[in-house]
Amino acid sequence: FDDGSCLYLSELLVDYSSGWNIVGLPMEVEDSNYQTLFPNAQSGTLYSFNGIYQSEGTLEQGTGYLLRLTTDDSISFLGIPTEELTIPLSAGWNLFSGLSSSLSPEDIYAQDIIQSGTIYGLDGIYFSPESIEPGKGYWVRAIVDGEITIEPYVPPVLNVYSLDFDG
């Protein structure tokens, strides 16, 4: 029973590689400063992208960021899980990040402003991801300015009926 008076915190462990990564904030956290979240980040290397690269100090949910780490690391995020996000995108290339749970790239491609085949992650080299992972960021190409809404896949509810042939 949840009357709204309690907050349920969750912990999520995400692996990152030494060098450049595309990162994202997978949940609502108390302190979103990148140096607090990523103690092994090289100072001054958090960048967002909106037509040009912009130096940043904090992370916002739904936005992807380029960040240079000095060592391989597993980062523990502690906060309130995110189940849905609406993310503004500009026509052209954008950096975005997902939710507190994995998503299928097909959920992103199903949005009518996304160009098919244009989601890329970074793990030393760019790759086409099989899933959109929490804490990771991705490049995506939008056809026009607009918004995408991402939420976990919920399978349809099946109605089960009982037939009685004896009556």
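Reader: Which residues does Pro26 contact, leaving aside its neighbours within four places in sequence?

Author: In this predicted model, Pro26 is in contact with Leu12, Gln61, Phe77, Thr82, Leu99, Ser100, Pro134 and Gly135, once those neighbours within four places are set aside; the word contact means that heavy atoms lie within 4.5 Å. Residues are numbered from 1 along each chain as its sequence is written, and side-chain values use heavy atoms, without hydrogens or water. Because the model is predicted, local features need pLDDT of at least 70 and side-chain atom pairs count only at pLDDT 80 or more, while totals for chains, interfaces and linings use all residues.

Reader: Why is Pro26 called buried?

Author: Buried means under 20% relative accessible area, exposed means over 50%, and partly exposed lies in between (1.4 Å probe, protein chains only). Pro26 has 0% relative accessibility, so Pro26 counts as buried. Its place is the loop between E2 and E3, and its C-alpha is 8.8 Å from that of Glu133, although 107 residues separate the two in sequence.

Reader: What makes Tyr120 partly exposed?

Author: The relative accessibility of Tyr120 is 30%, and therefore Tyr120 counts as partly exposed. Tyr120 is found in the loop between helix H2 (105-109) and strand E10 (121-123).

Reader: How do you know what counts as a helix or a strand, and how many of each are in the chain?

Author: Both are DSSP runs numbered from the N terminus, helices (H or I) having at least four residues and strands (E) at least two. By that rule the chain has two helices and 13 strands.

Reader: Why is strand E2 described as largely enclosed by the rest of the structure?

Author: Strand E2 (residues 19-23) has five residues and four of them are buried, so the strand is largely enclosed by the rest of the structure.

Reader: What makes E2 and E6 a pair of strands?

Author: Two strands pair if DSSP finds at least two bridges between them.

Reader: Why are strand E1 and strand E3 called edge strands?

Author: An open sheet of three strands runs in the order E1-E7-E3, with antiparallel pairing. Strand E1 (10-16) and strand E3 (27-28) each pair on one side only, and these are the edge strands. In general, strands of a sheet pair through backbone hydrogen bonds, either parallel or antiparallel.

Reader: How do you know that the side chains of Ser48 and Glu56 make a polar contact?

Author: A polar contact is a pair of N or O atoms within 3.5 Å; within protein, one atom must be able to donate a hydrogen and the other to accept it, and residues adjacent in sequence count only if both atoms are side-chain atoms. Ser48 belongs to strand E4 (residues 47-49) and, at 7% relative accessibility, counts as buried.

Reader: Which backbone oxygen does the side chain of Ser97 reach?

Author: The side chain of Ser97 reaches the backbone oxygen of Thr63 at 3.1 Å. Ser97 lies in strand E9 (residues 92-97) and is buried, because its relative accessible area is 1%.
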